[in-house]
Amino acid sequence: MPQPKKTVLLKVIILGDSGVGKTSLMNQYVNKRFSNQYKATIGADFLTKEVVVDDRVVTIQLWDTAGQERFQSLGVAFYRGADCCVLVYDVNNAKSFETLDSWRDEFLIQASPQDPVNFPFVLLGNKIDTEDSKRAVSQKKATNWCQSKGNIPYFETSAKEAINVEQAFQTIARNALVQEAEVELYANYPDPIRIDQDSSQSYGRCEC
Amino acid sequence: MAVELKLKINNTHTNGLVEHNQRICLASASSILSYSMDWTILDSYKDTRKLLESLEILQQPQLMAILGDSTLSLHKMADLRDINLSIKNVVAISTLNSTHSSLSAEAAMQGRKRGTSKRRIRLRPIDPLETPTPIQSLLAVVTKRKVSVYTWTQDTAQHTDIPLPNTPKLVKILNPYTTFIAYSASEYSLIQFDIKSQSVYSINDVILPSTNKSSLTANLTGFLYRSKPLMTPLDSEHIILVDGTQVLVIDQDGVIAKSTTIPASADDIASARPFIYITIPPYSNETGSTHVYSSYTLELVQVLPVVCSFLHKSSSVLYVDAPDGVSTIELVNTKLLIDSSVKQGKYDEALALLDSGSGIDITQAEQAELRLKILQLYSISLVDAGLVDDAIDIFIELHTNPAKVIALFPENISGRLYTPTHEWSILFGDFAKLYKHVDERGESECEDAIHNSASMSSIKSDTDSASVKSNGTARTAKKEKSSIEALLRYLTDRRQKLKGSMSQKKHSACTSLNVKLTDLTKQQLLDLPSSPAESLNGSELAVLAAVVDTALFKAYIETRPALVGSLCRLENHCQPEEVEVSLLDRRKYSELVSLYKSKNMHGKALDLLKRLCLESESENENENGNEESDLEPCIAYTQQLGREYIDLILDKSRWMFDVNKDIAIQIFIADDERVESLPRLRVAHYLHDIDSHLSLRYLKYATEEINDQDPALHDYYADALLQATLHSRNTPSFDSTYASYVAFLSRSQQYAPKERLRGIPADALLLARAILADRLGRHDDALRLYALDLRDYDSAKKYCNHVESKDRSIYTKLLKLYLRCDERTAPASYYKTSSASASVSPSPTPSRTPISDDTSNPLNAPNALYMKEAVLLLTAFPTKFNLSEVLNLIPSITTVDELNVFLLRSYKAIVGKQRWNSVTANIRKAEDTRLAAKLVDLESRYVVVDDNRVCPECLKRLGNSVISVHSPRGQVTHLGCKDRFSVKLQRTQGYTKQDTI
């Protein structure tokens with residue numbers, strides 16, 4: 001009996017400063033709900049959602065994390081095996097943008113992915129529903145940052161008004177799927193056979 | 001001998017037995033007997049069914065599942081007569097009481113997803129004092145073509161029906177997400193549930209070696225051996241099943257982990273760590289027996305010469321139904337078994353033996369110590385066997401000193417800590433000497449050891465063993481790589497733990513920077529305590545953090561060069577001395593700069609950047625003669641240093657100005673908080689030493705763009721501009737320089753004008769002087785400079801307009817200047833007199849000023865130009881002058897024609913003013929009248945005089961006599977007392993009647 005195709009589970013980790021709207025984005029995406037009340041996330045929690053990406057049904061496992069340092073007691077096991085990392089900042093808070101670098105570096109260190117240079121990140125600038133005068137980080141600045149980090153996809157979102165959330169997560173899922181496929185490739189890829197060295201030993205030679 | 005059969009109740013046979021809550025329940029025909037642990041009967045319950053087959057406990061809902069006569073009933077534990085649920089036509093049941101939390105579920109799922117079911121070692125015996133984790137109870141019931149799974153958690157109970165094409169004969173729940181079912185002795189399937197929802201599941205067949213044969217033979221063999229499938233869970237991730245004469249250990253994904261052969265088909269199977277028990281009925285000419293296998297190596301340990309069926313596994317014993325009656329199988333000589341396992345290098349078996357807890361006569365403390373020692377041996381053996389991942393789990397669990405762990409790795413990572421394999425035992429103390437490295441054993445033993453470790457580990461994948469045969473070197477490389485991967489996991493984990501503890505203890509700031517690993521010997525590092533990060537003191541934490549980060553760095557250099565940058569940029573405890581060499585060797589300059597930056601070694605960073613910049617410059621020069629070099633990185637780095645590094649910035653940026661002044665100036669001119677925070681005066685002085693133009697450019701930026709209000713800086717800027725102006729005299733750039741000087745003087749309010757004025761040479765830069773004189777309040781001087789010295793009459797008028805609010809006679813003063821002035825009046829002499837008058841106060845009567853005296857002299861008549869300006873002034877602002885005063889001033893030769901406009905408008909103004917005065921006078925009068933009327937109104941009052949009212953003056957009753965009312969309070973007196981009282985009243989109010997009138 002042929003082995004049935006395994007369901008693809010994509011592990012996505014959401015990182016960013018406290019209060020930028022990580023939990024809200026996730027709730028908006030998964031539950032289509034938004035609450036104005038702030039409640040700090042403690043530790044981490046995950047929600048799952050089934051989505052169709054390029055005609056494939058995949059399960060996204062979204063790991064929401066605590067932005068507040070005092071709640072960051074998660075072990076490296078939490079970061080490992082991630083297929084995509086979503087960095088979130090608040091467009092009205094310049095500091096949350098400046099810390100993106102260290103979130104990214106910290107994630108890379110903790111997760112130590114096989115190919116750190118091409119690991120998929122996605123940047124979300126949240127809370128664009130507020131008035132323009134409050135905005136502290138321009139779209140250009142964010143785009144420049146993304147370019148300097150190897151063309152990270154960038155979305156300006158609002159969890160409150162559900163702007164761009166669906167599109168952003170669709171991209172996240174797609175990029176995670178690519179990463180997942182690469183990991184599988186790494187995991188199942190047998191050692192290369194050195195043709196030049198010992199091909200004769202491995203296969204023998206026809207003597208006729 | 002490893003186990004022993006002990007008879008408990010003679011001649012009693014049963015199919016079902018459970019031990020729960022210090023009680024043993026035993027199904028005997030149609031009743032259930034309760035025993036205490038010493039087998040005295042406590043209670044009994046009679047059921048309606050004829051034969052009870054099996055008993056199971058569901059801990060979460062506190063139910064007992066009783067299966068008998070194909071009917072399953074759930075009874076309350078407290079009272080077995082209370083039946084909760086009853087299901088008919090039940091073929092088989094299985095239960096599970098698990099403490100799986102959602103996170104471990106995630107781990108299980110990950111394992112499943114990656115296709116590598118990782119062997120989990122239970123490192124710590126379950127602590128009875130630990131807070132109980134919520135228990136989840138599951139019950140799987142096989143009925144016709146269906147399996148029903150019931151789940152009870154703390155607050156919910158749910159149930160899922162899974163329809164099947166056939167009716168299975170046996171069901172076993174492995175863990176909350178995996179259930180195995182068996183249709184026949186060779187047809188097994190597994191049902192995998194989703195973590196979040198049990199209603200989502202998938203069913204897959206387990207592919208057994210025998211299924212490779214033709215299905216007919218398979219069925220036939222199944223039929224020939226026996227028709228009953230056998231399986232039993234080994235641990236939460238592995239299940240044992242029997243396929244003919246093969247015993248297979250299957251993981252939760254249905255993949256065969258290991259297998260062994262038994263001499264004949266089995267009758268019953270049970271597992272109780274560390275052994276697997278298999279009953280083999282009499283075959284050919286052998287008598288029936290129970291075989292005991294090690295659950296780790298699947299080696300035959302012992303054969304008990306009886307056939308028994310297995311009833312129930314409790315924490316320490318296995319209950320069986322032996323020919324003589326209900327018995328238990330217990331471990332004996334456990335200490336000996338442990339020792340022999342340790343000697344043979346079967347550490348996991350030794351641990352399981354130790355955990356089984358029976359048959360050992362040592363105290364708990366000794367047991368814990370022994371555990372620790374075995375675990376350490378185990379971990380070393382795992383590292384040696386290349387199973388670093390598993391070893392790392394142990395190291396993390398034991399909080400092993402990271403220095404010791406790192407020492408086990410190759411020299412390029414461990415550096416100074418490197419310890420060759422044959423010395424490993426020394427690292428972990430005396431007991432560890434028991435561990436012998438593979439090399440030290442004989443050749444044959446070596447084979448054994450490899451075999452042992454290979455069988456110990458289910459991890460060795462097929463590809464791995466294939467590569468062993470084909471390509472030895474590739475295998476070593478792969479092994480090394482995977483071991484470094486595992487080390488990365490360990491180091492990042494430690495790093496986070498240490499970081500957490502350090503930030504809690506707030507020691508990081510003071511100690512981390514001072515730690516120098518080179519000050520400590522290798523032994524000192526290895527002797528650091530192996531304890532949780534929370535219990536270490538500040539300096540130990542700092543040292544360990546340095547050890548971990550440095551090793552992490554080296555591991556990254558080997559395996560993930562791209563991550564070196566990330567590590568360097570973050571706060572880290574790498575030892576710069578150890579790390580910088582390797583970064584330099586690999587030409588990873590930007591990472592090195594990041595490292596210096598994170599370590600606050602900015603001097604070194606800037607030196608390196610300088611070197612790089614100059615190198616690239618010379619390269620460019622060689623290649624295409626292009627001298628342009630990229631100062632950008634150096635400038636960007638310098639910009640972010642900020643105020644506290646000003647000495648360093650000034651010291652290290654000089655060369656950049658030598659390369660390109662225009663670009664280098666950006667070090668100090670940038671839209672950045674840190675750049676703006678630099679001490680500006682110092683920067684200005686510094687730039688002045690390089691090039692005064694740079695200094696001016698900077699000062700302009702500081703005063704205009706970032707609006708610095710420091711008086712010292714403004715003074716400095718003014719003086720610098722003055723110097724530049726004076727220097728540029730007689731050069732084309734004079735005009736622009738002077739213009740900016742003047743512009744600055746008029747714009748800034750912060751400089752000290754007196755000193756600035758003193759700096760200007762006597763006869764030069766008149767406009768600047770005028771501005772400064774104005775700032776000093778010497779309006780006359782300023783006016784004179786505009787009007788006479790500069791002959792800028794428009795400016796003079798504007799100045800009058802500007803100063804008018806402060807000095808109302810300013811227009812008259814200007815007029816006087818025009819009228820009395822001639823070429824002979826030396827500016828200096830005038831300067832003296834008027835400055836004296838200005839410093840007192842502007843005199844309101846112009847006739848007393850020395851100017852007016854002079855003008856009365858007709859000899860001193862003004863020249864025509866000034867006269868014309870004077871008339872223009874009078875015509876433009878006729879109302880600003882006193883007519884009679886002007887007429888006194890005007891030289892007698894002036895014609896009325898010239899003054900016509902002035903006189904007319906002045907006259908109109910006077911008349912207008914008079915009219916205005918008369919209007920206001922009348923308005924005031926009217927207002928007076930209105931107020932008087934209001935006063936009368938306010939003063940008139942009603943008073944009530946009754947029998948009791950007395951005159952405040954004479955203190956007699958008022959009665960019907962004539963009265964007088966006094967305002968404003970309305971006191972009432974006799975008319976006769978009026979005058980005396982009024983006087984008194986006025987005295988108290990502080991005025992007399994005359995005043996009011």
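Predicted model: local features only at pLDDT ≥ 70, side-chain atom pairs only at ≥ 80, totals over all residues.
Residues are numbered from 1 along each chain as its sequence is written, chains are lettered from A and ligands numbered from 1 in the order in which they are written, and side-chain values use heavy atoms, with hydrogens and water left out.

Student: How do you know what confidence chain A has?
Tutor: By pLDDT, the predictor's confidence in each residue, from 0 to 100. Chain A averages 80. In chain A, 77% of the residues score at least 70.

Student: Which elements of chain A have the lowest and the highest mean pLDDT?
Tutor: Helix 7 (residues 195-203) of chain A has the lowest, 46. Strand 5 (residues 121-126) of chain A has the highest, 94. Helices (H or I, at least four residues) and strands (E, at least two) are DSSP runs, numbered from the N terminus. Residues 1-5 of chain A have pLDDT below 50, with 5 contacts beyond near neighbours in sequence. Contact means heavy atoms within 4.5 Å. Residues 197-204 of chain A also stay under 50. For residues 197-204 of chain A, the model has 5 contacts beyond four places in sequence.

Student: What is the mean pLDDT of chain B?
Tutor: The mean is 76, and 82% of the residues of chain B reach 70 or more. Helix 33 (residues 827-840) of chain B has the lowest mean among the elements of chain B, 38. Helix 37 (residues 896-939) of chain B has the highest, 89. Over residues 822-860 of chain B the pLDDT is below 50, with 47 contacts beyond near neighbours in sequence. Residues 111-131 of chain B stay under 50 too, and have 53 contacts beyond four places in sequence.

Student: Why are helix 16 and helix 18 of chain B called roughly parallel?
Tutor: Start with the angle. The axes of helix 16 (residues 561-569) and helix 18 (residues 589-598) of chain B cross at roughly 20° and come within 7 Å. Axes are lines fitted to C-alpha atoms, for helices over the stretch in contact, and angles run from 0 to 180 degrees between N-to-C directions. Angles under 35 degrees count as roughly parallel, over 145 as roughly antiparallel, 65 to 115 as roughly perpendicular and the rest as oblique. Helix 16 and helix 18 of chain B are therefore roughly parallel.

Student: Which residues of helix 16 and helix 18 of chain B meet?
Tutor: Val564(B), Gly565(B), Cys568(B) and Arg569(B) in helix 16 of chain B meet Glu591(B), Ser594(B), Leu595(B) and Ser598(B) in helix 18 of chain B. By class, the residues of this contact are 3 nonpolar, 3 polar and 2 charged. Ala, Val, Leu, Ile, Met, Phe, Trp, Tyr, Cys and Pro count as nonpolar, Asp, Glu, Lys and Arg as charged, and the others, Gly among them, as polar.

Student: What makes helix 29 and helix 30 of chain B roughly antiparallel?
Tutor: Helix 29 (residues 766-775) and helix 30 (residues 779-789) of chain B pack at about 155°, with axes 7 Å apart. That angle is over the antiparallel cut-off, so helix 29 and helix 30 of chain B are roughly antiparallel. Their contact has 8 nonpolar, 1 polar and 4 charged residues.

Student: Why is helix 3 of chain B called roughly parallel to helix 5 of chain B?
Tutor: The axes of helix 3 (residues 334-343) and helix 5 (residues 364-384) of chain B come within 11 Å and cross at roughly 20°. That makes helix 3 of chain B roughly parallel to helix 5 of chain B. Lys335(B), Ile338(B) and Val342(B) of helix 3 of chain B make the contact with Leu370(B), Ile374(B) and Leu377(B) of helix 5 of chain B. By class, that gives 5 nonpolar, no polar and 1 charged.

Student: What makes strand 1 and strand 26 of chain B edge strands?
Tutor: The open sheet has 4 strands in the order 1-28-27-26 (chain B), with antiparallel pairing. Two strands pair if DSSP finds at least two bridges between them. Strand 1 (3-10) and strand 26 (309-313) of chain B each have a single partner strand, so one side of each is left without a neighbour in the sheet.

Student: How do you know that strand 27 and strand 28 of chain B pair?
Tutor: Strand 27 (residues 318-322) and strand 28 (residues 325-331) of chain B share 5 bridges, in the antiparallel sense. Val320(B) stands opposite Ser327(B) in strand 28 of chain B.
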